[in-house]
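Dear colleague,

I am handing over the structure below, and my notes on what was found in it follow directly after.

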Amino acid sequence: MLTTKEAIAKRRSIRKFKSDPIPDEYLFELINAARLAPSGCNAQPWRFKIVKDQKSKIKLAHAAYDQSFIANAPAVIVCCADISGYLDGTVSGIQDLGKIGAVEDNIVQILLKRAGQLKVYPVEQIGPQIAFNVAISIEHIVLRALDFGLGTCWIRLLDGQKVNDIFGWNENIFTVALLPIGYPAEDPSPRKRLKIKKILL
Ligand SMILES: Cc1cc2nc3c(=O)[nH]c(=O)nc-3n(C[C@H](O)[C@H](O)[C@H](O)COP(=O)(O)O)c2cc1C
């Protein structure tokens with residue numbers, strides 16, 4: 001098992017995979033890691049679809065502007081936001097936070113007002129707004145995957161409508177990213193990163 005520090009340092013975007021299947025118990029552990037992520041008001045808007053069948057993986061690669069390596073991964077996790085789940089989860093989450101005294105009453109009122117305002121937004125605006133909650137859960141998967149020797153690659157270059165069409169989902173589901181996953185068949189060097197001096201404002 002890697003330390004968090006080791007996992008962060010070791011992680012790379014993996015775009016070449018061995019064909020070995022991923023044991024279901026590992027996939028379960030990964031979704032559990034996602035489930036434990038923090039989210040605004042504890043709304044937990046993340047939803048995941050694990051795709052292993054070749055036809056759907058090829059369709060997903062097409063939906064991602066023909067990034068063909070996606071179809072070569074033994075599994076692809078489609079990482080989504082459930083918009084109505086978010087709106088409902090926000091209200092109950094705020095109430096829970098108020099009940100346990102984690103946030104003050106005035107903050108509860110501000111959060112409830114904001115949650116109400118969010119409901120009038122069109123879904124295409126809410127999706128991107130709540131996507132960062134899902135992003136945190138995705139990165140939990142990405143880092144936990146290293147404990148099982150698995151590699152992943154975030155895929156955000158995608159056409160969400162095409163992804164929805166593959167699975168017959170309505171506009172309530174907003175795809176945040178695809179995550180092809182499998183045992184790495186490459187060992188990429190670290191990509192360049194900005195120096196600490198450059199990122200401190
Ligand atoms: C939000 C996000 C979207 C990304 N989308 C894509 C993508 O569509 N296709 C791809 O090949 N890589 C994608 N990447 C991977 C980045 O290219 C990669 O993280 C970056 O080059 C740094 O390399 P590293 O992950 O190996 O450190 C994405 C990464 C993130 C975090």
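Leaving aside neighbours within four places in sequence, Leu 60 is in contact with Val 51, Ile 70, Val 76, Val 163, Ile 166 and Leu 178, where contact means that the C-beta atoms of two residues, placed from the backbone, lie within 7 Å. This is a predicted model, in which local features need pLDDT of at least 70 and side-chain atom pairs count only at pLDDT 80 or more, while totals for chains, interfaces and linings use all residues. Residues are numbered from 1 along each chain as its sequence is written.

Leu 60 is also among the residues with the most contacts inside the largest nonpolar core, which has 48 residues; such a core is a set of buried Ala, Val, Leu, Ile, Met, Phe, Trp, Tyr and Cys residues joined through C-beta atoms within 7 Å. At least two residues of this core come from each of H2, S1, H3, S2, H4 (83-99), H5 (105-118), H6 (123-145) and S4 (173-182), and the largest share, eight residues, is that of H6. Helices (H or I, at least four residues) and strands (E, at least two) are DSSP runs, numbered from the N terminus.

Two residues other than glycine have a positive phi, and their surroundings can be set side by side. Gln 44, with phi near 50°, is found in the loop between H2 (24-35) and S1 (46-51) and is buried, with 22 other C-beta atoms within 10 Å. Asp 66, with phi of about 60°, lies in the loop between H3 (54-63) and S2 (75-82) and is exposed, with 9 such atoms within 10 Å. Buried means 20 or more other C-beta atoms within 10 Å of a residue's own, and exposed means 12 or fewer, with partly exposed in between and the C-beta atoms placed from the backbone.

Best regards
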